[in-house]
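This report looks at a few residues of one protein model. The sequence and structure come first, and the description follows.

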Amino acid sequence: MKIVALGVVLVMLSIPEHAGYASDTPRWTFTGANDTIPADFPVMTVLVNDNPAPGKLFMSPISRGTPRFTYLTILGDEYVYPSYYQRRTGSMSDFKMHPNGLLTFFDRGPLCYYVMNNSYAIIDSFRCGNGFITDGHDMLLLPNGGALLMSYDERIIDMSVIVPGGNPAAMVSGLVIQELDAGKNVVFEWKSWDHFAITDATHEDLTASTIDYVHANAFEIDTDGNILLSSRHMDEITKINRTTGSIIWRLGGINNQFTFINDSIRFSYQHDIRRLPNGNITLFDNGNYHTPSFSRAVEYHLDEQHMTAELVWEYRNTPDIYAFATGNAQRLSNGNTIISWGTTNIISEVRPDGTKAMEMILSSLFSNYRTFRFPWITADAPEPSTVPEAVELFPAYPNPFNPTTTITYGIRGRGAVSLKVFDVLGREVATLVNRVEGPGRKSMTFDAGNFASGVYFYRLQTEEFVQTKKMLLAR
């Protein structure tokens, strides 16, 4: 079901004291036009709305009661109202858009990731192979039509020979990473049992009857094609050779190989490892083992030759917010950062200088794993909220890219539109759009699979507007 909110009604209310906000402070929330939003749709309380980045917020709130249900939700540009929702029975998570424009979410019923197109039709699904059960912490669609998935691999281990007082028949959860090709064949498989020790878990009770010593929650394809892995219960980011499976380096935890600069406390129980176009990495540091416990978003510059990790940016709320689990930090193309504060249900968008462009709180009747902002265009006619006041051309996403990136632009009125790509010598290498179009925001995918690495330029031209931006193809 799709809902387009025409004339959202904003109302004032008071919210419970939460993360330093006084209980008698009036805040904004929303209701749908003509009360068309279902009665059990999660309430979003908007605390700050100060010119946030363009795009739509993606989340998948799960009800805490029984029976469980989830709203796959896309919140609109201006007032954080639902421009799309789909109520599904059961628990869904990790609802997001991929660089190729497709959407995915994890369904904890059949234990698989579903793939949707921009008409919200399910067109594919992915599950782990070789008898492993798919885990829903993270999934990446790959340019070749395949996917990167993970699975928790349980084994009975005699822990009495590993630690004093260990259980002789402990159920221990390891990790499996799999890469599937477009035909769903397993073409790469990595197991933590071959590379990590159970004693690498920095805070787990290794005498317990059940032990989750890795608890991976995110991975990323690095710029060199290898894998970056976040292992929460090891306080570690690991770089893994995607061909041999060998460990290239370990950041954080008891096996740390880096010297931390400007960050004596390091990170603990972190989520959401991501490599940025500038070469740095970001994390959501849950901070369970900071003293006192607090959460933050962090950005490190990694020197992989001299093995240093320099903290170059962080956002720590005032007063502190502590999310003991879940959460993510997404760097946007304009430099802002979306921070989903995990179990607190707070979602912020902060600028590089730490000021807030947006902040909201999700109803405590729901939980939400991650929140993202993407430049999302549906296959339907543009909503009124997507018609810009002026022609606009947005930064390509992702950038750098390999081999596809999405270019989003906005048209004010009906007219001739040209969107072309040029190399550094000014030669036209691709025509993405050359037609008459109506108003609205639109997105086009540029596939550079047959092009050489390097700098390219994309130019949007209408009867009243010409603008060129740069992007980098990095193989």
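What follows describes selected residues of this predicted model.

**Burial**

| Residue | Relative accessible area | Class |
|---|---|---|
| Asp272 | 2% | buried |
| Cys112 | 0% | buried |
| Cys128 | 11% | buried |
| Ala323 | 0% | buried |

Cys128 counts as buried because its relative accessibility, 11%, is under 20%.

**Asp272**

Strand β22, which covers residues 271-275, contains Asp272. The side chain of Asp272 makes a polar contact of 3.0 Å with the side chain of Arg274. The Asp272 side chain also reaches the backbone nitrogen of Ala329, at a distance of 3.1 Å. Apart from neighbours within four places in sequence, the contacts of Asp272 include Asn217, Ala218, Ser230 and Arg370. Thr282, Leu283 and Phe284 are also among them, as are Gly327, Asn328 and Ala329.

**Ala323**

Ala323 lies in the loop that runs between β25 (308-315) and β26 (328-331). Phe294 is 29 residues away from Ala323 in sequence, and their C-alpha atoms are 7.3 Å apart. When residues up to four places away in sequence are not counted, Ala323 touches Phe284, Asn286, Asn288 and Ser295, among others. Trp341, Gly342, Thr343 and Thr344 are also touched by Ala323.

**Cysteines**

How many disulfides does a search of the whole structure find? The search finds zero. A disulfide is a covalent bond that links the sulfur atoms of two cysteines. Cys112 is buried at 0% relative accessible area, and Cys128 is buried at 11%.

Note on methods
Residues are numbered from 1 along each chain as its sequence is written. This is a predicted model: local features need pLDDT of at least 70, side-chain atom pairs count only at pLDDT 80 or more; totals for chains, interfaces and linings use all residues. Side-chain values use heavy atoms; hydrogens and water are left out. Helices (H or I, at least four residues) and strands (E, at least two) are DSSP runs, numbered from the N terminus. Buried means under 20% relative accessible area, exposed over 50%, partly exposed in between (1.4 Å probe, protein chains only). A polar contact is a pair of N or O atoms within 3.5 Å; within protein, one must be able to donate a hydrogen and the other to accept it, and residues adjacent in sequence count only if both atoms are side-chain atoms. Contact means heavy atoms within 4.5 Å. A disulfide is a pair of cysteine sulfur atoms within 2.5 Å.
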